[in-house]
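Biologist: Please take me through one part of this model closely, in one go. I'd like to hear about helix packing and then the strands.

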Amino acid sequence: MNQDPDAPGDAVDAGDALRRQAEEQVRRNVSGVADDIEAMSVPEVRVALHELRVHQIELEMQNEELRRVQAELETARARYFDLYDLAPVGYCTVDERGMIVQSNLAAATLLGVSRAQAVLKPIGSFIFRDDQDSYYLHRKQLAATGKAQSCELRMVKPDQAAVWVKLSISLSDGVDGRHLIRMMLSDISEIKLMASALQEREERYRTMVEWSPEAVLVHRDGKIIFANKAAAALLGADTPGLLIGQAMLDRVHPDFRTVALDRLKTLRQINGVLPRINAVLLKLDGTPIDVQVQGIWTIFDREPAIQSVLHDVTELKQLVSALKQKSEDLQLARIEADKANQAKSDFLSGMSHELRSPLHAVLGYAQLLDTGKPAPTPLQKRNIDQILQGGWYLLALIDDILDLSLIEAGKMALVMEPVSLGEVMRECHALVELRAQERDIRLIFPQLDAACVVFADRRRVKQVLVNLLSNAVKYNTPGGSVELTCPATDLEHLRLVVKDSGPGLDAGEQVQLFQSFNRLGRQGSDTEGAGIGLVMCKRLMELMEGSIGVRSERGAGSEFWVEWKRCAGQSNNNKEEQR
């Protein structure tokens, strides 16, 4: 293996040469003494022998020193091997012709060859073709200036695999006076891959930002350095380039500049993200614009910067203002409606009381005529019955209107108590049975035990059930049926269902069921009704903390259900029975 001229091995060779030169001199001296010894006297011989002994001692001392130096050189050579040959960085030496004269293990591995294969190969054969000009340019500058040079280029292995390296070159003098080039090669492939991935990510991010519908400005040291198309449109610039270089604060309304400076200071301290705030910016022509702005500490072109994301809220503020005005108008309208509704309720309540007195008189006189002596004729009897029927219907209607006005006025008083549904159902059966027989409607009622007790107003429970049963009979088909059931729900509630075999309701009609005075198009029919019965039922159920609903399908009848809370004690008893 070729040795580095500066390596410890060269020093050893120089020491060996010095020793051989000293030994040769001694031999010449001894030979000369041997030739002249016959001509010398005894004292002269003794002096010569003494000089020889002294010279021998000096040679032994020199030999000892040489052995010590050689041991140190061997130690230095081993250290050199560790530091040079086993270094993690590639080192090689190139002569003036560009031929590799020495290489350590790391350099040979980086080049994809053994050290023996690397030696006496031109370094240019390992450099990627497109990067050779860069290498020779730096080598020329090294020769001209004598100053160390460095560059990044690609080295090519025998299998054509490219490796990015950082190449540092410097001049060194050889033993024969020729210049050598010392090279240090550092593998930077991973760094290049990371840089490439980072650049790709930055380009993708920049593309996304440039075409983002959100306005984005990036500023550094108070100057705008990037603006996307949305930001240009927002600030009234024909192109984003018109915003580049402008002072960011020039685009902030004077009333918000203090807030903007405080946020910038905070953003630099936290190096993070600040939440959105409402602010006012200025377009290039000075027109103010309402925005929401969010500040983000970011890296732009590999240097810290601040990214401001802007969202135009001008239309939103106008909409909020319009909604606020609309809300105020609706509030005034609601107050007016409440006053009108209160006036209506007061009017209905007053009129109901005023109508009840003469109506009672009419009913009273009609009953006297019906039971008077002599008995009325058949024609008179029919007329009296019509008066009584109409009178009683009108009285019931007045009572419903009075109840509705009391509910709307918040003056309906309830007597909440445990109510046995079995008892109420028997009373309701008796009230609707005659009407059902007249229309040939079959009534089916369940047998409820004493456990079916709810917490409600007894009178209003009866009123709700009678209304639902009357409607089921009234709007049924002749010869049909009405069935009242009590399906299982849960331990806290009790439900009753009134099911009829009538024509049923479509989805549109079901939506209008609980609207006051809406008879679903039956106003011109011969079926009596004012359209407030179901409204009354719904309001009463809500007052009793119950609920009411309907399930129906055109041609398949209807099911109206009502649900109350069970009495607390009864609910507990049922739980104990289930356990």
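**Helix crossing and sheet**

Modeller: H12 and H14 cross in the left-handed sense, meaning that the near helix is turned anticlockwise from the far one by less than a right angle (clockwise would be right-handed). Bear in mind that this is a predicted model, where local features need pLDDT of at least 70, side-chain atom pairs count only at 80 or more, and totals for chains, interfaces and linings use all residues. Residues are numbered from 1 along each chain as its sequence is written, and side-chain values use heavy atoms, without hydrogens or water. Helices (H or I, at least four residues) and strands (E, at least two) are DSSP runs, numbered from the N terminus.

H12 covers residues 458-474, H14 covers 533-543, and their axes sit 10 Å apart at about 145°. Axes are lines fitted to C-alpha atoms, for helices over the stretch in contact, with angles from 0 to 180 degrees between N-to-C directions. H12 brings Arg460, Gln463, Val464, Asn467, Leu468 and Asn471 to the contact, and H14 brings Gly533, Leu534, Met536, Cys537, Leu540 and Met541; contact means heavy atoms within 4.5 Å.

Now the sheet: five strands, open, mixed pairing, in the order E12-E14-E15-E17-E16. E12 (442-444) and E16 (547-552) are the edges, each pairing on one side only; pairing takes at least two DSSP bridges. Twist averages 15° from one strand to the next. E15 (493-500) and E17 (558-565) run antiparallel over eight bridges, and Leu494 stands opposite Trp564 in E17. Finally, H11 (421-438) lies across E12, E14 (481-485), E15 and E17, at about 175° to E12.
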